[in-house]
Amino acid sequence: MARGNSSDTKEKKLKWWQLSLLGVACTVGTGFFLGSHIAIQIGGPSAVIAYALAAFGAFLVYDKLSQMTAEDPMEGSFRSYAKKAFGRWAGFGSGWVYWSSELLIMGSQLTALALFSRFWFPQVPMWCFAAGYGILGLVIIFIGTKGFERMESIFAVMKIAAIFMFLVIAVLAVTGAFKTAAHGPAFPRDWLPNGFVGFCAALIFAFYGYGGLEALGLMTMRLQDPKEAPKAGKVMLLLLASIYVVSIGLALILEPWKSYAAEESPFVVALVDYKLAFVPHVFNAVLIIAGFSTMTASLFAVTTMIVTLASDGDAPRFFVKGKKKEGKKPLPAIGLTAAGLLASVVFALLMPKKVYEYITTAAGLMLLYNWLFILLTSGKLLKLTGWGKIKRYIGMALIGFTLVGTLFHKISRPGFFISLGFIVVIGSVTLIMRHFWNKADGPDKDASEEGTENIFDVSGRTKYGMPRSRNKGRIR
């Protein structure tokens with residue numbers, strides 16, 4: 001929603017620790033609550049190591065992003081830095097890759113909600129739940145965002161409370177406070193039941209659990225001192241890594257890793273055998289509420305992102321329609337979001353058993369593509385020390401290793417080709433638009449100047465453009 005200058009000036013700035021907690025709350029979602037079961041299914045107990053290694057990789061990426069933020073705070077974060085480093089084509093491609101990843105994440109969350117709901121109603125097809133949650137999310141967009149924004153903090157607390165509840169109960173169960181008719185807690189013995197290949201394929205789902213650090217980069221503009229961005233990110237990633245590793249480790253002690261083959265949250269499965277009949281149901285209810293908040297937030301993000309891309313001239317101006325007047329809804333942008341939701345429902349109908357794995361893998365890969373570009377951008381904009389260069393290369397190698405690892409397992413392989421299809425389409429459009437930019441402005445203008453023209457007006461006229469000084473909205 002558009003804000004006036006007065007509201008911008010009155011916007012409260014965040015302290016670094018507040019940004020850390022906000023980042024944890026925004027990052028923990030269905031990608032961890034449900035996606036972790038795929039990492040365990042593929043990698044076995046080595047999923048714990050995968051989440052720790054993914055945390056290290058996420059740190060290497062955020063380390064460079066936060067350094068760029070501290071040196072030159074810019075609206076748009078990684079997208080603006082890509083444009084500054086390589087030219088208009090890089091900002092255009094980075095923006096659309098991020099929009100596509102958010103679209104896939106939205107579909108992944110929608111599918112996760114359907115799977116959570118089937119815990120109570122296993123006979124109901126997934127697409128019915130997906131359609132219901134999708135329609136409800138679109139209704140919220142139409143009726144307004146103020147009430148929902150107030151509830152977001154409550155939903156965030158519920159997500160953290162759900163994990164804390166699991167940790168407390170799991171510790172009590174491990175210490176023998178609860179009895180089970182099936183088996184007692186047992187420490188895993190075979191850490192690589194599916195070999196090193198299984199561990200490599202599980203990495204992408206571990207990385208997916210940290211998806212959101214690029215959004216934290218966008219929020220650093222709200223810091224009281226942008227130079228504290230590195231500290232905020234390090235604390236956030238340390239908290240996330242601790243939560244993920246400890247909770248997954250306890251889940252693997254409570255239940256053998258083969259128990260997590262079902263498409264259910266591992267934190268619900270881990271408590272089913274213990275004589276706590278109400279706990280799995282309460283936990284599942286919290287997951288649905290928290291997951292719905294994340295999914296709806298993604299709906300707002302995807303819709304806002306396409307409007308911002310259009311305002312910047314990186315998407316057809318048609319999608320800005322409806323935002324010129326205060327209180328008006330961007331109906332074309334909402335329509336595009338609805339089309340994305342419809343595609344998710346169709347996938348759930350056609351591939352009810354594998355849609356979550358496919359979409360989650362593709363979404364995680366799209367995030368990693370952007371992370372890789374952040375590292376490439378940092379090499380162009382930052383004066384790195386020798387150790388800084390080593391960390392950058394290690395991060396790039398780890399991401400490349402994870403990308404290749406998805407090809408070695410039948411669950412993750414289809415998602416790789418889905419993401420590759422997105423990249424081919426975005427890359428092709430970028431090349432076409434770059435041709436028009438060079439034709440209208442000259443070959444070097446896009447790399448050195450901030451244009452005001454609409455890139456989809458190929459004549460080069462600025463009549464329909466929007467100067468950068470008039471468009472200060474964030475990507476999401």
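This is a predicted model: local features need pLDDT of at least 70, side-chain atom pairs count only at pLDDT 80 or more; totals for chains, interfaces and linings use all residues.
User: How do I describe two packed helices?

Analyst: You give the angle between their axes and the distance between the axes. Here, the axes of H10 (residues 195-208) and H17 (residues 386-405) come within 8 Å and cross at roughly 110 degrees. So H10 is roughly perpendicular to H17 (that label covers 65 to 115 degrees).

User: Which residues in H10 and H17 meet?

Analyst: From H10, Phe196, Cys200, Ala201, Leu203, Ile204 and Phe207 meet Leu398, Phe401, Thr402 and Gly405 of H17. Contact means heavy atoms within 4.5 Å. By class, there are eight nonpolar, two polar and no charged residues.

User: Is Cys200 buried or exposed?

Analyst: Buried means under 20% relative accessible area, exposed over 50%, and partly exposed in between (1.4 Å probe, protein chains only). Cys200 has 5% relative accessibility, so Cys200 counts as buried. Cys128, at 32%, is partly exposed.

User: How many disulfides are there?

Analyst: A disulfide is a pair of cysteine sulfur atoms within 2.5 Å, and the count here is zero.

User: What is Leu138 in contact with?

Analyst: Leaving aside neighbours within four places in sequence, Leu138 touches Leu299, Ile334, Ala338 and Leu341. Leu138 sits in helix H8 (residues 126-143) and is buried, at 16% relative accessibility.

Terms used. Residues are numbered from 1 along each chain as its sequence is written. Side-chain values use heavy atoms; hydrogens and water are left out. Axes are lines fitted to C-alpha atoms, for helices over the stretch in contact, and angles run from 0 to 180 degrees between N-to-C directions. Helices (H or I, at least four residues) and strands (E, at least two) are DSSP runs, numbered from the N terminus. Angles under 35 degrees count as roughly parallel, over 145 as roughly antiparallel, 65 to 115 as roughly perpendicular and the rest as oblique. Ala, Val, Leu, Ile, Met, Phe, Trp, Tyr, Cys and Pro count as nonpolar, Asp, Glu, Lys and Arg as charged, and the others, Gly among them, as polar.
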